[in-house]
Amino acid sequence: MHHHIRLTLATAAAAALTGGLLAVAVGPASATGAAKAYDFNGDGYRDLVVGVPLGTANGFKEAGYVVVIPGSKSGLRTADRRIVSQSTSGVPGDSEKGDEFGGHLAGADLNADGYADLVVVAPGEDAATSRNTGRITILWSGPKGFTGGTVLTGVQQGAGDGFDGVAIADVTGDGKPDIVTADSGDEAAGVSVARGPFAPGATPAPLAHVSADIPNVSRNLRMGVGDIDGDGRADVAVSYNGGGRGGTTFLRGTSTGLVHTPSWDSETTATAVAVADFDKDGHADVALGEARFGAHDEEGWTPKQPLPANRGGVVRVLYGSTRGPAATRPPVDLVQGVGRVPGKDENSDMFGSALSAADIDGNGAADLAIGAAGEDIGSAYEAGNVTVLYGSGTGLTTTGAQSFDQGTAGVPGSNEYNDNFGGVNGSGLFLRDLNGDGRADLSVAAPGEDGYDGRAWTLTTAASGRVTGTGAISYTAGSLKLPAPIVRLAFGWVLGY
């Protein structure tokens, strides 16, 4: 098993998996111009994409594939799911053991043809002379589904490094989406950018490493993108820990690309990063899940902004401004059971193990879903839960905060040992509007469900602007009729992005 997943699911040793894959065509695009992000079939509704990096493709264990579930007015159409791997016709490369295709994902309409495209990371892909160097592929969608792909070239990772994440954002403000990667490893850790435009059949700009003052030996980088300084260009926040240092680096988007801005850097590192405008002031804000102080090699080092005492995790929020994050407001720290945050601060809750942000209630401020994969529910150790905090004109508020687990009314399933409901290692939550009502819906994974077979849920948002368990659906590799065998997939571990 490749080290990226072993770090997260140490007990989920993959069983022998076999089965073929099928690409399913989609209908014609209904809109002109660029499609919404994650609207792969162009029907005006965002779709849900699930990476299954431990799945078997073309007979190869852990070759990996992705599953796309279309959205619609009535919600997800699970019966119409489609599967894409490196064995799908037109997709570059070949399915090989340990590729883990689908390990990281990002979706947007890169060529403005009315169909969102999908960027997929295979962190375990081998290069000609090195193993597990990683590969990033653009899957082009259109009237007949995903029918082709383009491999990004450029930064060559060292053996065993792969990539830790991918995002699509316009970092130059030229109106053309760029592709940003978080790069793990001993020699090339940091951030890289491939500049747009992108188009099928055209040679894309190569990935180019950006100077970001991240130690080379850093691993498990976590990344978020958004316009933090309000200048119309996307900025990037990357949490890292390694080489005697840990923290969060901020890279400003400029007309010439990303530029490291030391005055923005934070001493806090994180397991998960979400970037969105929680106080609707036109500046994206940064949420850091399971915030902590990483390694620091200075003798006698003390933090400038101490974290509150906690046992189960802190979510630190850095509000954006023209001068960058936390420049005009001190960090706001969220702990369960403190200041009306739901729950109780307990050992190993992993509060902030995954984060996702979007506008649930339609008030123009982003809201935040917070996973706590280690939360105990009654006697169910590490069953996990999700807290939802709503944004306002002053930022995230605990007023009207909600908490969900498998014991919540309407949510299928039951709380069990080690389910990890809420997502782990920065992934497993996805807030996006999947039914076109203008309110984000909440998709949640429990990768540890049923002995690491995994399960996912989608909870809709009521007309009141509140997430509700009523009408929630759940789906597994079995219910989606994914290629057998379907055990030990940790299904949902890579959910949405």
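These are my notes on what I looked up in this predicted model.

**Ground rules**

I number residues from 1 along each chain as its sequence is written. Because the model is predicted, local features need pLDDT of at least 70 and side-chain atom pairs count only at pLDDT 80 or more, while totals for chains, interfaces and linings use all residues; side-chain values use heavy atoms, with hydrogens and water left out.

**Confidence**

I started with pLDDT, the predictor's confidence in each residue, from 0 to 100. The mean for the protein chain is 91, and 92% of its residues reach 70 or more. Over residues 1-31 the pLDDT is below 50. That stretch still has 104 contacts in the model beyond near neighbours in sequence, a contact being heavy atoms within 4.5 Å.

**Nonpolar cores**

I looked up the nonpolar cores next. A core here is a set of buried Ala, Val, Leu, Ile, Met, Phe, Trp, Tyr and Cys residues joined through side-chain atoms within 4.5 Å. Buried means under 20% relative accessible area, exposed over 50%, and partly exposed in between (1.4 Å probe, protein chains only). The largest core has 40 residues, and Leu118 and Phe491 touch the most other members. At least two residues each come from strand 1 (48-52), strand 2 (65-69), strand 3 (82-84), strand 5 (117-122) and strand 30 (494-495). Strands are DSSP runs (E, at least two residues), numbered from the N terminus. Strand 2 gives the largest share of this core, 5 residues. Another core of 20 residues lies apart from it, with Ala369, Val388, Val411 and Val444 among its members.

I then listed partners of Leu118, leaving aside neighbours within four places in sequence. They include Phe40, Val49, Val66, Leu105, Ile138 and Phe146.

**Salt bridges**

I searched the whole structure and found 11 salt bridges. The criterion is a side-chain nitrogen of Lys or Arg within 4 Å of a carboxyl oxygen of Asp or Glu.

Which residues share partners in one network? Asp229, Asp231, Arg233 and Arg252 are joined in this way. Within it, Arg233 and Asp231 meet at 3.3 Å, N to O. Asp231 also bridges to Arg252, with the closest N and O atoms 4.0 Å apart. Asp231 is in the loop between strand 12 (222-226) and strand 13 (235-242), and Arg252 is in strand 14 (residues 245-254), so this pair ties together parts 21 residues apart in sequence. Arg233 is partly exposed at 23% relative accessibility. Asp231 is partly exposed at 29%, and Arg252 is partly exposed at 29%.

A further bridge joins Asp333 and Arg316 at 2.7 Å, N to O. Asp333 sits in strand 21 (residues 332-334) and Arg316 in strand 20 (residues 315-318), 17 residues apart. Is Arg316 buried or exposed? Arg316 is buried, with a relative accessible area of 2%, whereas Asp333 is partly exposed at 25%.

**Largest pocket**

I took a pocket as an open set of points on a 1 Å grid over the protein atoms alone, where a 1.4 Å probe fits and protein lies on both sides within 12 Å along at least five of seven lines; lining residues have an atom within 4 Å of a point. Points are joined across faces, edges and corners, and the volume is the space filled by probe spheres set on them. For the largest pocket that volume is about 1,200 Å³. Its lining has 47 residues, of which Gly224, Val225, Val275, Arg432 and Tyr497 lie nearest the centre. Elements giving two or more lining residues include strand 4 (104-108), strand 12 and strand 17 (272-276). Strand 8 gives the largest share, 6 residues.

**Ile228**

Ile228 is in the loop between strand 12 and strand 13. Ile228 is buried, at 0% relative accessible area. The C-alpha atoms of Ile228 and Asp285 are 6.1 Å apart, although 57 residues separate them along the chain. Beyond four places in sequence, contacts of Ile228 include Phe250, Val275, His283 and Pro325.

**Backbone checks**

I noted a cis peptide bond between Gly196 and Pro197, with omega about 10°. Pro197 is in the loop between strand 10 (190-194) and strand 11 (208-210). The bond from Ala484 to Pro485 is also cis, with omega near -5°.

Asn58 is exposed at 52%, and Arg340 is exposed at 64%.

Conventions
Helices (H or I, at least four residues) and strands (E, at least two) are DSSP runs, numbered from the N terminus.
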